[in-house]
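Have the sequence and the 3D view ready as you read.

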Protein chains: 2
Amino acid sequence: MRSAPADPTTRERIRDAAVVRFARDGFGASVRSIATDAGVSPALVIHHFGSKDELHAECDERVLAEIRAAKNETIDELASGQGILHRFAAADEYAPMLGYVLRSLQDGGPVGRTFIEQMIEDAVGYTKHGIEAGLIKPSLDETARARYLVLSALGTLMLELTLNPPKDPRDISGMVRGFLSTSYLPMIELYTQGVFTTRRMLDEYLLYVPDPPQDAATEPPSA
Amino acid sequence: MRSAPADPTTRERIRDAAVVRFARDGFGASVRSIATDAGVSPALVIHHFGSKDELHAECDERVLAEIRAAKNETIDELASGQGILHRFAAADEYAPMLGYVLRSLQDGGPVGRTFIEQMIEDAVGYTKHGIEAGLIKPSLDETARARYLVLSALGTLMLELTLNPPKDPRDISGMVRGFLSTSYLPMIELYTQGVFTTRRMLDEYLLYVPDPPQDAATEPPSA
DNA sequence: GCTCTGACTGAACACGTGTTTAGCATTAAA
DNA sequence: TTTAATGCTAAACACGTGTTCAGTCAGAGC
């Protein structure tokens with residue numbers, strides 16, 4: 001949780017205000033608005049960071065560091081692939097972080113990219129454990145599946161949010177809760193039983209593209 | 001397919017140029033760039049449309065009309081939920097359309113919204129037929145599932161595209177092909193067998209939220 | 001012929017942006 | 001005390017934006 005120092009530098013105040021602004025309004029937020037939030041002149045922002053782009057980069061670093069710290073602190077709780085999201089949604093102090101990540105995802109920025117990479121990495125581990133515990137079915141390509149699961153979960157969340165933007169963009173936990181309230185059931189149902197009654201589609205595809213994806217941990221096709 | 005008139009009005013030329021620009025560069029594209037594309041002065045754009053917003057609105061209408069037309073023409077081919085996407089991806093002339101839709105999705109604009117609504121509507125129909133034909137398993141909430149499947153498919157596509165933006169943004173079919181090449185297998189696999197080996201997660205959720213979503217077409221929970 | 005209307009343009013306007021500049025304090029060093 | 005440096009600001013600059021304005025040109029109607 002890492003509480004901020006009681007008396008932060010002006011520089012840090014500016015940077016933190018920027019993180020919040022960027023999270024709420026996207027990276028188009030003006031330097032002037034950030035300066036106002038930090039109770040400072042626009043010129044001082046440039047004075048400290050050189051340019052808006054460098055400020056952006058420093059915010060990226062900050063958020064990534066924060067995420068890393070949060071992961072380390074909660075490493076035990078992260079028993080499922082949903083862990084991070086729930087964790088973020090639960091603690092309101094992480095709200096700006098998640099908002100920032102979503103903006104960066106929308107933007108194709110480096111924070112979104114590394115965040116996704118981390119989630120995929122984690123998902124690979126979780127599914128591996130799940131398979132060993134007999135809770136998760138093996139896949140023809142574990143990495144591709146982990147990647148797809150992460151991308152679809154975050155992509156669905158993003159789409160849902162841009163389609164139904166919340167009244168108060170600061171209420172990240174409310175956003176995630178709202179999302180889960182409409183999507184959790186169909187998602188779990190899909191993960192539990194799939195949608196197709198036959199293997200026809202899958203087998204046809206495998207016939208059409210016979211290259212076995214170098215992943216070997218597969219169930220026998222007759223299953 | 002609806003070929004454009006051989007000698008389009010200047011007004012139409014401007015509007016079509018705007019659709020292409022918006023699709024390629026997003027709705028932040030400048031009036032000046034659109035005017036240049038149409039071989040016309042920026043003032044004329046305003047002269048014909050009143051403002052950039054009204055031009056935007058008229059482009060929205062145009063694209064929606066085009067989509068409606070395309071759907072009517074290919075109504076027979078649309079045998080699966082993937083139909084529209086494949087259809088769009090196949091014909092290069094639809095490329096600006098799909099690009100425009102994706103931009104509008106990213107933007108939360110009305111085109112994206114109605115496009116999604118239409119896809120959900122279609123998906124409900126397809127799954128209904130699939131269930132009757134014994135190809136698709138019934139869901140506890142058909143509407144919610146159709147919505148989730150559409151949102152996750154498009155959301156994953158969007159996320160993939162912003163994360164790995166194609167070199168040439170005009171090659172929409174290449175984009176979709178690239179997306180399918182990494183996501184099709186895990187998706188079909190998920191749709192075929194799910195990921196969980198047990199119904200535990202689903203049953204726990206149903207116990208926790210016992211309200212039966214007014215949809216009755218469900219398989220017996222003992223299945 | 002004239003006039004009027006509509007397509008069309010070059011130049012300018014108003015405004016918001018990121019950034020720069022000159023200068024003001026306040027503090028620490030010499 | 002003087003000097004230098006640092007934190008900080010008001011004002012302006014340069015630029016890109018959407019839009020307006022005054023005016024030109026071509027064609028139709030009389």
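Asp7(A) sits in the segment before α1 of chain A. Residue numbers start from 1 along each chain as its sequence is written, while chains are lettered from A and ligands numbered from 1 in the order in which they are written. This is a predicted model, in which local features need pLDDT of at least 70, side-chain atom pairs count only at pLDDT 80 or more, and totals for chains, interfaces and linings use all residues.

Is Asp7(A) buried or exposed? Asp7(A) counts as exposed because it has 7 C-beta neighbours inside 10 Å. The scale behind that word is simple: a residue is buried if 20 or more other C-beta atoms lie within 10 Å of its own, exposed if 12 or fewer, and partly exposed in between, with C-beta atoms placed from the backbone.

Ala29(A) belongs to the loop between α1 (10-25) and α2 of chain A. Ala29(A) is buried, because 20 other C-beta atoms lie within 10 Å. Leaving out residues up to four places away in sequence, Ala29(A) touches Arg21(A), Phe22(A) and Ile34(A); touching, or being in contact, means that the C-beta atoms of two residues, placed from the backbone, lie within 7 Å.

Pro110(A) is part of helix α7 (residues 110-132) of chain A. With 14 other C-beta atoms within 10 Å, Pro110(A) is partly exposed.

The table pairs each of these residues with another residue of the chain.

| Pair | Separation along the chain | C-alpha distance |
|---|---|---|
| Asp7(A) and Arg24(A) | 17 residues | 24 Å |
| Ala29(A) and Ala43(A) | 14 residues | 16 Å |
| Pro110(A) and Asp60(A) | 50 residues | 7.6 Å |

## Chain A as a whole

How many helices and strands are there in chain A? Chain A has 10 helices and 0 strands. Of its 223 residues, 35% are buried. Among the contacts in chain A with a separation of 6 or more, 65% join residues 24 or more positions apart.

Chain A has an average pLDDT of 85, and 81% of the residues score at least 70. Here pLDDT is the predictor's confidence in each residue, from 0 to 100. Residues 76-81 of chain A stay under 50, and the model has 8 contacts for them beyond four places in sequence. Residues 216-223 of chain A are also below 50, with 6 contacts in the model beyond near neighbours in sequence.

## Two copies together

Chain B is superposed on chain A by a rotation of 180° with 0.0 Å of shift along its axis (RMSD 0.1 Å). This is therefore the relation of a two-fold axis. The same surface serves both copies, as 100% of the contact residues of chain B recur in chain A. The superposition is by least squares on the C-alpha atoms of residues with pLDDT of at least 70 in both.

Where the chains meet, 47 residues of chain B are in contact with 47 residues of chain A. On the chain B side, α6 (95-107), α7 (110-132), α8 (142-163), α9 (172-193) and α10 (200-208) each supply at least two residues. The largest share, 13 residues, comes from α8(B). This side of chain B divides into 25 nonpolar, 15 polar and 7 charged residues. In this count, Ala, Val, Leu, Ile, Met, Phe, Trp, Tyr, Cys and Pro are nonpolar, Asp, Glu, Lys and Arg are charged, and the others, Gly among them, are polar.

The largest nonpolar core has 102 residues, and Val101(A) and Val101(B) have the most contacts inside it. Such a core is a set of buried Ala, Val, Leu, Ile, Met, Phe, Trp, Tyr and Cys residues joined through C-beta atoms within 7 Å. Val101(B) touches Val63(B), Val111(B), Gly112(B) and Phe115(B), not counting residues up to four places away in sequence.

## Around the DNA

Which residues come nearest to DNA strand C? Of the 15 residues around it, these are Ala43(A), Ser51(A), Thr10(B), Ser41(B) and Ala43(B). A residue is near a strand if its C-beta atom, placed from the backbone, lies within 6 Å of it. The surface near DNA strand D has 7 nonpolar, 5 polar and 3 charged residues.

Definitions and conventions:
Helix = DSSP H or I, 4+ residues; strand = E, 2+ residues; numbered from the N terminus.
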